[in-house]
Amino acid sequence: MEFNNILFELEDNIATITFNRPKVLNAMNMETALELANAIAACKENEKIKVIILTGAGDKAFVAGADINEFRNKKPSEIMKFTEAGHSALRIMETMGKPTIAAVNGYALGGGVEISMACDVRFASETARFGQPEILLGLIPGWGGTQRLARLIGIGRAKEFIISGEQIPAQRAYEMGLVNRIFPAEQLMNEARKFAQKLAGLPSFAIKMAQYAINYGYDLPLDNANSLEIQCMSQCFSTQDLEEGVAAFLEKRKPHFIGK
Ligand code: CO8
């Protein structure tokens, strides 16, 4: 695959997507949004890929938001195309049934924090900074920030974050539940890879069913969500990995999962 604005690497069942426009702190333009969508589609299709890590090139930024130079002077209809492209790529990523890890290595602002929130987990360097500064430019988050942030950290904190446009350091993001784990900057990628390797060795169908139940059950009334969980849980009993996991436990040995 050829990309101009992202790097795509595949090693040991783990794909790493690196936003690669360091001169503009990896800001997202339309071309990068389309490349992200293509990279995610490739990850979804490729059976070898079990886990995806997203990160930013350089040591300063994950993604410093949408490319402000590009969206300047655009018409609402053109902006709508850009926001739809972003929403679509992020939703496919969020629901593709393979775990995604955002390794936030610096600024995650605007679209950057929105990309990270569509990942299953967020690891951050101690030097990372988070914010939805759109309000300072006269706009609002447009890649899911008004929705995913409230779901992740609660409506009160999300409103404070979005209407003030303030930035917060990684430690505060961790305390709020926006970030799962924080590490010294030089350890971030190693830790993300270690976690990815661990996930790649787990029963992939069960991971998919867990994501499915959480993603599609979250906004349902509890009875409907519970019945979705029952369906997803029951489906796991069709896999060889379940037989292997249970047998290995009973035989007191390490399981060997095959992803089926
Ligand atoms: N877009 C374009 N260029 C950028 C962006 C950006 N988002 N962020 C940084 N850059 C560029 C700077 O212009 C600068 O370029 P140059 O060297 O040519 O002057 C270069 O990157 C380095 O940046 P700074 O010199 O500003 O570096 P600092 O360390 O001084 O500051 C900051 C770093 C705090 C990250 C600062 O660059 C900043 O505030 N950036 C803008 C952050 C921002 O407002 N992001 C939100 C954008 S809006 C958005 O994301 C909406 C998303 C979804 C909806 C899409 C609808 C269009």
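1. Strand β7 (residues 121–125) runs parallel to β10, and three bridges join the two; strands here are DSSP runs of E of at least two residues, helices are H or I runs of at least four residues, both numbered from the N terminus, and two strands count as paired if DSSP finds at least two bridges between them. Within this pairing, Ala-124 is placed opposite Ile-182 of β10.

2. The coordinates are a predicted model, in which local features need pLDDT of at least 70 and side-chain atom pairs count only at pLDDT 80 or more, while totals for chains, interfaces and linings use all residues. Residues are numbered from 1 along each chain as its sequence is written, and side-chain values use heavy atoms, with hydrogens and water left out.

3. The β7 and β10 strands belong to an open sheet of six strands, ordered β1-β2-β3-β5-β7-β10, whose pairing is mixed. Its edges are formed by β1 (6–11) and β10 (181–183), each of which pairs on one side only. Neighbouring strands of this sheet are turned by 20° against each other on average, direction ignored, where axes are lines fitted to C-alpha atoms (for helices over the stretch in contact) and angles between N-to-C directions run from 0 to 180 degrees.

4. What surrounds the ligand? Of the 25 residues around the ligand, those that come nearest are Lys-60, Ala-64, Ala-66, Ile-68 and Gly-111, a residue being counted as near if one of its heavy atoms lies within 4 Å. Polar contacts (pairs of N or O atoms within 3.5 Å; within protein, one must be able to donate a hydrogen and the other to accept it, and residues adjacent in sequence count only if both atoms are side-chain atoms) include a ligand nitrogen atom 2.9 Å from a polar backbone atom of Ala-64. A ligand nitrogen atom also lies 2.9 Å from a backbone N or O atom of Ile-68, and a ligand oxygen atom is 2.9 Å from a polar backbone atom of Gly-111.

5. On its own the ligand has 1100 Å² of accessible area, of which the protein covers 67%; such areas come from the Shrake-Rupley method with a 1.4 Å probe, and for residues only the protein chains shown count as cover. The elements giving two or more residues to the shell are α2 (68–71), α3 (76–95), β6 (107–109) and α4 (111–117), and α3 gives the most, with three residues.

6. Eight salt bridges are found in the whole structure, each a side-chain nitrogen of Lys or Arg within 4 Å of a carboxyl oxygen of Asp or Glu. One of them joins Asp-67 to Arg-21, with the closest N and O atoms 3.0 Å apart. Asp-67 sits in the loop between β4 and α2 and Arg-21 in that between β2 and α1 (30–45), so the pair ties together parts 46 residues apart in sequence.
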